[in-house]
Amino acid sequence: MSTPHNSAAKGDFAKTVLMPGDPKRAKYIAENFLDNVRLVNDVRGIQGYTGNYKGTPVSVMASGMGMPSIAIYSYELYHFYDVENIIRIGSCGSISNSVPVHDMVIGMGASTTSRIVHQYHLNGDYSAICSYALLEKAMHCADTLALKDKVHVGNILSSDAFYGETPDMIGQWSTMGVLAIEMEAAALYMNAAAAGKRALCICTVSDHLLNGEHLSSEEREQGFTDMMRLALETAVALDK
Ligand code: HPA
């Protein structure tokens, strides 16, 4: 079986899939953290790999950027490949004075500027939330990895317009207690809910939209490594 966007066969993906935005990051995780790894998809360069992490089967596949892109890939993983858990691991811009660059934000909820949430024709505004089971396991793993002080949990904003983030708009969402802006979580959370599956979004803060700070390339690498370990350990915890 394959889809227009995925050439993998049924059974090629593990129960839990980590989704960075960038295909190169998917390759990096596969090469540096997984054993017995094999490439299961490369359509449009969206590399998907399956291997083992500490004996647990785990897949990693890129989502591309933005909600339409992650919506396609996550829909297919949930509906056609029997995937149960998707953990997005991405970057975000902080809009909170209590969330510095280098730290991580887990989206307990994902607000959005996108009309993607209207696709289900609900008579109101849907609250896109993560899986509590995944959140709870991720926080437990953060504790074990001594990363808990660097992980903030709260509402994030999934934006459709990277270059449309004006100071006014940032200020309004910040005033509502939203911690950070990224571009994928709301669509992922809605897809998971509609499929009866589970999702979590973990982001490393790559830049601060209130004070202009941003990570150097080495800091970025270290920060992303912590997030990769956290997601991989969460995948192992989910298998127990
Ligand atoms: N907006 C959206 N996504 C992002 C940002 C941002 O400012 N920074 C990193 N990912």
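Predicted model: local features only at pLDDT ≥ 70, side-chain atom pairs only at ≥ 80, totals over all residues.
1. The backbone of aspartate 82 has a positive phi of about 55°, although the residue is not a glycine. Most residues other than glycine have a negative phi. With a relative accessibility of 45%, aspartate 82 counts as partly exposed, because the class covers values between 20% and 50%.

2. A second residue with a positive phi is alanine 146, where the angle is about 60° and the residue is again not a glycine. Alanine 146 is found in the loop between α3 (132-144) and β7 (151-158). Its relative accessibility is 68%, and alanine 146 therefore counts as exposed, the cut-off for that class being over 50%.

3. Turning to the ligand, the residues that surround it are Ser91, Cys92, Gly93, Phe162, Glu165, Ile181, Glu182, Met183, Ser206, Asp207 and Leu209. Sorted by class, this shell has five nonpolar, three polar and three charged residues. The space that the ligand takes is the largest pocket.

4. Which strands each supply at least two residues of the shell around the ligand? They are β5 (85-94), β8 (180-182) and β9 (198-208). Of the elements that contribute, β5 gives the most to the shell, with three residues.

5. A polar side-chain atom of glutamate 165 lies 2.8 Å from a nitrogen atom of the ligand. For glycine 93, a backbone N or O atom is placed 3.3 Å from a ligand nitrogen atom, and for serine 91, a backbone N or O atom is 3.5 Å from a nitrogen atom of the ligand. The ligand on its own has 260 Å² of accessible area, and the protein covers 92% of that area.

6. Strand β9, which is one of the strands that supply at least two shell residues, also contains leucine 200. Is leucine 200 buried or exposed? Its relative accessibility is 0%, so leucine 200 counts as buried, the limit for that class being under 20%. Between leucine 200 and threonine 234 there are 34 residues of sequence separation, and their C-alpha atoms are 10 Å apart in space.

7. Leucine 215 has its place in the loop between β9 and α6 (217-238). Although it sits in a loop, leucine 215 is buried, because its relative accessible area is 6% and the class takes values under 20%. Leucine 215 and valine 153 are 62 residues apart in sequence, and the distance between them in space is 20 Å, C-alpha to C-alpha.

8. Alanine 9 counts as partly exposed, with a relative accessibility of 34%. How far apart in space are alanine 9 and phenylalanine 80, C-alpha to C-alpha? The two residues are 71 residues apart in sequence, and their C-alpha atoms are 9.6 Å apart in space.

Terms used. Residues numbered from 1 in each chain as written. Heavy atoms only, no water. Near = heavy atom within 4 Å. Polar contact = N/O pair within 3.5 Å; in protein donor to acceptor, adjacent residues only side chain to side chain. Areas by Shrake-Rupley, 256 points an atom, 1.4 Å probe, with all protein chains shown as cover. 1 Å grid on protein atoms, 1.4 Å probe; cavity = no way out; pocket = protein on both sides within 12 Å on 5 of 7 lines; lining within 4 Å. Sits in = over half its atoms within 2 Å of the grid points. Helix = DSSP H or I, 4+ residues; strand = E, 2+ residues; numbered from the N terminus. Nonpolar A, V, L, I, M, F, W, Y, C, P; charged D, E, K, R; others polar. Buried < 20%, exposed > 50% of the residue type's maximum accessible area, 1.4 Å probe, protein only.
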